[in-house]
Structure formats: structure tokens, C-alpha cells
Amino acid sequence: MSHRARLSPVTPPPPVLAVTVLGDDRPGIVAELTEALAGVGGNLEDSTMTLLRGHFAMVVLVRSDASQSAVEAAMQPLQHSGGLSVDVRSLPDPAQHSGAGQSFTLRVHGADRPGIVASITRVLARHGGNIVDLGTRLGSALYVLLAEVVLPEGADVSAVQADLADAARRLGVDVSLHPVDDDLL
Amino acid sequence: MPSLPVGRVLPVVQAPDPVLATPGMAVDPTAPEVITLAADLLATQAVSPGCVGLAAQQVGIAWRMFSVDVTGHPKTRTCHGEFVLCNAVIESATRKERGREGCMSVPDFTGDVARARRLVVRGQLPGTGEWVTIETDAFEAVALQHEIDHTDGMIFLDRVAGPHAVHPRRTYL
């Protein structure tokens, strides 16, 4: 009698879930959230968290063999006793990006008024610029925007800078766009 | 630099290999195994595109020695060419500026790190053991600090400026 080696079926990795948490800040939220995710076998991937004028805001990508509904159930204590708003949703794997292009730091500051972010980012979008990181802060009257932007290869950087300067003049704010070089050491 | 034998190209280790977090042992720069490793570091660096420095930890050995060669890099001002230093220490470091750096041992990320752009380093040459003082600036200063960190068991991730200072590496040389 012969024995044939059996090939195990290949199981695809579980889908990545995006867990978004919002609410009043207090110590311990990250520990409670990540303990609950660890409790359902969740493996954390990229995440970001900040305070937006005192509001806790976090997005974490997690993979777990547990179902989405089991992950949602694990979030219930945070929602009920923790007073937080939690959203869990499955994300498709992202399309592969070429990664080509040059990184720039964008800095904008000036008197607050509606439309600063919209006008400035529209200029970048027109030139094919992709924002890969962005933060804004509002002081008592001063508005500050910082972003990292990837411009496609062959982009006319002087034209982008000139268009940004035009938009900034109309808004009454200051703008600068400087390249960021990666140095391999 | 005293002349060295022909070196071998060694495999470069990557984080989280524990050797990268191990402070290096002081070495005798005249010992044959140290002279051999000096040649191997230069040979490995020379075949690694874009690589301007390599520490012993990056080839799996926790010794206080590294190679540097920033010749031809667009950000280089003062340049001492290709050299290896043993037991190097920083004597003075001024004019800190923030830059974004990557490392062969950390292939997935780059990080924003503040490094001095004026630097004085003392160390010993392999072979003779002669103590030398290197005064440099700009890119060579950054490379020396990055390599001396390796010999102290540190990688750039130990020095990044904050939670938004680590980035996915987009270009692979």
C-alpha cells in the first residue's frame, strides 16, 4: 500500500480590520483597547493616535483569526463603560503603489479662516501630489498645517511652489515646500 | 590608512537581530582578526549600493569598529575617503540638524534624526593602532555618528524624534 504525501490547503491570512476609536481622553484607553484586541488573538500592524483638542483619536490596523463580529464584541466594554465610540471594519488589501516620487514637507501657518486646507491641498492634487501624512492645529487665532507630500517623478517643483504661493497670498497665510532626502548610511 | 589585505564580502544582518543592540567590545587594532574584519567591512561596504558606512555589528560581530566612505555623495563637504576606525569616541559634536536617514540593517523604514554637522572623533587605525583625530562636517559627520551609534549597540530607531518620525522606506537601492 502506498502513501501519498498530503498537501495542506493554504489558508489566506485573515483580513485586516481597521479599528477607529474616538472619545474624551483619559489615561488607559490604549492599554484597554490593545488588551481587548490581544484577547481575541489580534496582531497589531500600523496605528496612529493623537489628541485633537482633547479628544482621543486612534486608528489601528489589526489581523485576527477571530471574526469581525468577535472583534466588535471585544470592543463592547470600551463603548459601554469607557464612553468611547468604536468602529470596526474590514479593509481590502491596498493596491501596490510604485513608491516613485520625491517627498516634500509642506508647512502652512497664518490667521485662521475657512478653506485654508482645501485651497492648499487642491493645488497639490492638481499637480498629482499625494499627501502621506498630515496634521493641523488651531491655536487661539493661528492655524498651522504640516504635511508630507509625495510629488510624482518629473513634477515641476517650481510650478507647484509658485501655485502654492499664489494660493497662500489669496488666503493671507505663509507656505513653504521643501524636499526631504532619504540618506542611506 | 595603512594597507589592508583583500577583504571578503560578508552578509549584512538586519534588525531585530540582537547583535545590533549589543554594545561593542574594545578591540586591539593590531590583532590579525581585527585587521581581517577591517578589510571585510570595506569589501562589504564597497559592493553595497549607496552604502557609506558599515559597523562590525552589521556583519554580526559586536566589536567597536566600523568603516566609512562618503566619497562622491552630494551632501559631502569635508571627506577623508575610505577608512576604518577602531574604538572611536566622539570628542565634540555641534550644530545639530535634523535629517532623514536609512540603514542597510533596517530595510523597511527611514527615520528623522538630529545629528551634529560639526564633529571631532578620535579613534585608532587598524594595523598600526595609531590614534587619529578626525575633524569633519556635513554628511561625513552624520555617517560617523550613525556608525559610532552602531558600535554602542544603537540603531537610528533609538534616536528618532517622535511618533511621526519613522516612515516606510519607499526607495530601495
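The contact draws 17 residues from chain B and 8 residues from chain A. Keep in mind that this is a predicted model. On the side of chain B that touches chain A, two elements give two or more residues: strand S3 (83-103) and helix H2 (138-151) of chain B. S3(B) gives the most, with 5 residues. The table sorts that side of chain B by residue class.

| Class, side of chain B that touches chain A | Count |
|---|---|
| Nonpolar | 6 residues |
| Polar | 8 residues |

Strand S9 (residues 182-184) of chain A is joined to S3(B) by 3 bridges, and the two strands run parallel. Within S3(B), B:Arg100 is the bridge partner of A:Asp182.

Now the cores. The largest nonpolar core has 39 residues. Those that touch the most other members are B:Leu37, B:Ala38, B:Leu41, B:Ala56, B:Met65, B:Phe66 and B:Ala143. Several elements of chain B each supply at least two residues of this core: helix H1 (32-46), strand S1 (53-55), strand S2 (65-68), S3, strand S4 (106-124) and H2.

Which residues does B:Leu41 touch, not counting residues up to four places away in sequence? They are B:Leu54, B:Ala56, B:Val59, B:Phe66, B:Ser67 and B:Val84.

A second core is separate and has 18 residues. Among them are A:Phe104, A:Val149, A:Val150 and A:Leu177.

Technical notes: Residues numbered from 1 in each chain as written. Chains lettered and ligands numbered in written order. Predicted model: local features only at pLDDT ≥ 70, side-chain atom pairs only at ≥ 80, totals over all residues. Contact = placed C-beta atoms within 7 Å. Helix = DSSP H or I, 4+ residues; strand = E, 2+ residues; numbered from the N terminus. Nonpolar A, V, L, I, M, F, W, Y, C, P; charged D, E, K, R; others polar. Pairing = 2+ DSSP bridges. Core = buried A, V, L, I, M, F, W, Y, C linked by C-beta atoms within 7 Å. Buried ≥ 20, exposed ≤ 12 C-beta atoms within 10 Å, placed from the backbone.
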